[in-house]
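Reader: I'm new to this one. Can you put it up and walk me through it?

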Amino acid sequence: MRLTSVLSLCVCTVVLGFTQMTMAASPKGNPDAGKKIYLESCQSCHGPTGKGDSDMAAYLTPPPANLTAKATQSKTDAQLRRTILEGRPGTAMSSYDGAFEESQLVDLLAYMRSLRQ
Ligand code: HEC
């Protein structure tokens, strides 16, 4: 009897944890909220519409990525997320690890996907 209740507690915890995980990952994010974050943190390099055409771009080698282009849009969310979190060593793309809440990251990705040409 005791063992069963311990077991059911375990199962319950796992199920709860899983539900939380899927709940955090499933909503598609809010592109409008993501746009705000983008305009604050990213447009200085990637340009107002993500095309990599900021004033700063001329001074950067390699230049900021055109986020609307196929080269970027064909990457998975996980790949884009990783670049944002880890940055790209040797380029101006720095790490944003810890800069955003999970929900902000999801919003940011939703906005980036809305730029797909
Ligand atoms: C200081 C300039 C700068 C800022 C600010 C900046 N980036 Fe970048 N970003 C770059 C550069 C330069 C590259 C290109 C690196 C390369 O060619 O490998 C890049 C690459 C990327 C890539 C990879 C694209 C690909 O196809 O692999 C993503 C995604 C990205 N940036 C997103 C962002 C987001 C989101 C923000 C804001 C949170 C941001 N960047 C802010 C300079 C910047």
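**Around the ligand**

Author: The ligand has 21 residues around it, and the closest are C42, C45, A65, T72 and M93. A residue counts as near if its C-beta atom, placed from the backbone, lies within 6 Å of the molecule. This is a predicted model: local features need pLDDT of at least 70, side-chain atom pairs count only at pLDDT 80 or more, and totals for chains, interfaces and linings use all residues. Residues are numbered from 1 along each chain as its sequence is written.

Reader: Which elements give two or more residues to the shell around the ligand?

Author: Those are α3 (43-46), α4 (70-73) and α5 (77-86). Helices are DSSP runs of H or I with at least four residues, strands are runs of E with at least two, and both are numbered from the N terminus.

Reader: And the shell by class?

Author: The shell has 13 nonpolar, 6 polar and 2 charged residues. Ala, Val, Leu, Ile, Met, Phe, Trp, Tyr, Cys and Pro count as nonpolar, Asp, Glu, Lys and Arg as charged, and the others, Gly among them, as polar.

Reader: Stepping back, how many helices and strands are in the chain?

Author: The chain has 6 helices and 0 strands. Of its 117 residues, 15% count as buried, meaning that 20 or more other C-beta atoms lie within 10 Å of the residue's own; 12 or fewer is exposed, and in between is partly exposed.

Reader: What about R82, then: buried, exposed or partly exposed?

Author: R82 counts as partly exposed because it has 13 C-beta neighbours inside 10 Å. R82 lies in helix α5.

Reader: Which residues of α6 are buried?

Author: They are L105, V106, D107, L108, Y111 and M112. The cover over the buried residues of α6 includes α2 (31-41) and α5.

Reader: How do α2 and α6 pack?

Author: They pack at an angle of about 95°, with their axes 7 Å apart. Axes are lines fitted to C-alpha atoms, for helices over the stretch in contact, and angles run from 0 to 180 degrees between N-to-C directions. The two helices, α2 and α6, are therefore roughly perpendicular to each other. That label covers 65 to 115 degrees; under 35 is roughly parallel, over 145 roughly antiparallel, and the rest oblique.

Reader: Which residues make the contact?

Author: From α2, P31, A33, G34, K35, I37 and Y38; from α6, Q104, D107, L108, A110, Y111 and S114. Contact here means C-beta atoms, placed from the backbone, within 7 Å. By class, the α2 contact with α6 has 7 nonpolar, 3 polar and 2 charged residues.

Technical notes:
Two residues are in contact if their C-beta atoms, placed from the backbone, lie within 7 Å.
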